Amino acid sequence: KALQKLVDRTCYLLANVPMTERARDELLITTRREAERLIPDQMDTYTLIYEARFYRLIEQFGGRHNLAE
């Protein structure tokens, strides 16, 4: 449940909140660290499922919401 909330929040931010590339990278790093704390033995699955989703959202919305650094 905590992981799903974390992932949902990250997806929402990536799709809806304008941010710099650096801020986006920091969000992904923070999300990954929290996931490692929640599911340390399942990070391969996290990478396959959730990080792939994050990068699809960045491709879809990143150009629209990217702020100049």
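The buried residues of helix α2 (residues 21–38) are R24, L27, L28, T31 and A35, where buried means under 20% relative accessible area, exposed over 50% and partly exposed in between, for a 1.4 Å probe and protein chains only. Helices here are DSSP runs of H or I with at least four residues, strands are runs of E with at least two, and both are numbered from the N terminus. Seen down the axis of α2, the buried residues fall within an arc of 95 degrees, so they line one face of the helix; the arc is that of the directions from the helix axis to the C-beta atoms. An α-helix has 3.6 residues a turn, so residues three or four places apart point the same way. The face of α2 turned away from the buried side carries the exposed residues R22, R33 and R37.

The model is predicted: local features need pLDDT of at least 70, side-chain atom pairs count only at pLDDT 80 or more, and totals for chains, interfaces and linings use all residues. Residues are numbered from 1 along each chain as its sequence is written, and side-chain values use heavy atoms, with hydrogens and water left out.

The protein has three helices and zero strands, in the order α-α-α along the sequence. Of its 69 residues, 36% count as buried. Contact means heavy atoms within 4.5 Å. Among contacts between residues at least 6 apart in sequence, 69% join residues at least 24 apart.

The 18 residues of α2 should span 26 Å at 1.5 Å a residue, and this agrees with its end C-alpha atoms, which are 26 Å apart. The expected span is 1.5 Å times one less than the number of residues in the helix. The buried residues of α1 are L3, L6, V7, T10, C11, L13, L14 and A15.

Helix α1 (residues 2–16) packs with α2 at an angle of about 175 degrees, and their axes are 10 Å apart. Axes are lines fitted to C-alpha atoms, for helices over the stretch in contact, and angles run from 0 to 180 degrees between N-to-C directions. The two helices are therefore roughly antiparallel to each other, a term for angles over 145 degrees; under 35 counts as roughly parallel, 65 to 115 as roughly perpendicular and the rest as oblique. On the α1 side the contact is made by A2, L3, L6, R9, T10, L13 and L14, and on the α2 side by R24, L27, L28, T31, E34, A35 and L38. These residues divide into nine nonpolar, two polar and three charged. Ala, Val, Leu, Ile, Met, Phe, Trp, Tyr, Cys and Pro count as nonpolar, Asp, Glu, Lys and Arg as charged, and the others, Gly among them, as polar.

Within α2, T31 counts as buried at 2% relative accessibility. Leaving aside neighbours within four places in sequence, T31 is in contact with L6, T10, Y46 and F54. Y46 lies in helix α3 (residues 43–65) and is buried, with a relative accessible area of 1%. Not counting residues up to four places away in sequence, Y46 touches L3, T31, R32, A35, I39, E51 and F54. R32, also placed in α2, is partly exposed, with a relative accessible area of 26%. With the sequence limit of four places, R32 touches M43, Y46, T47 and E51.
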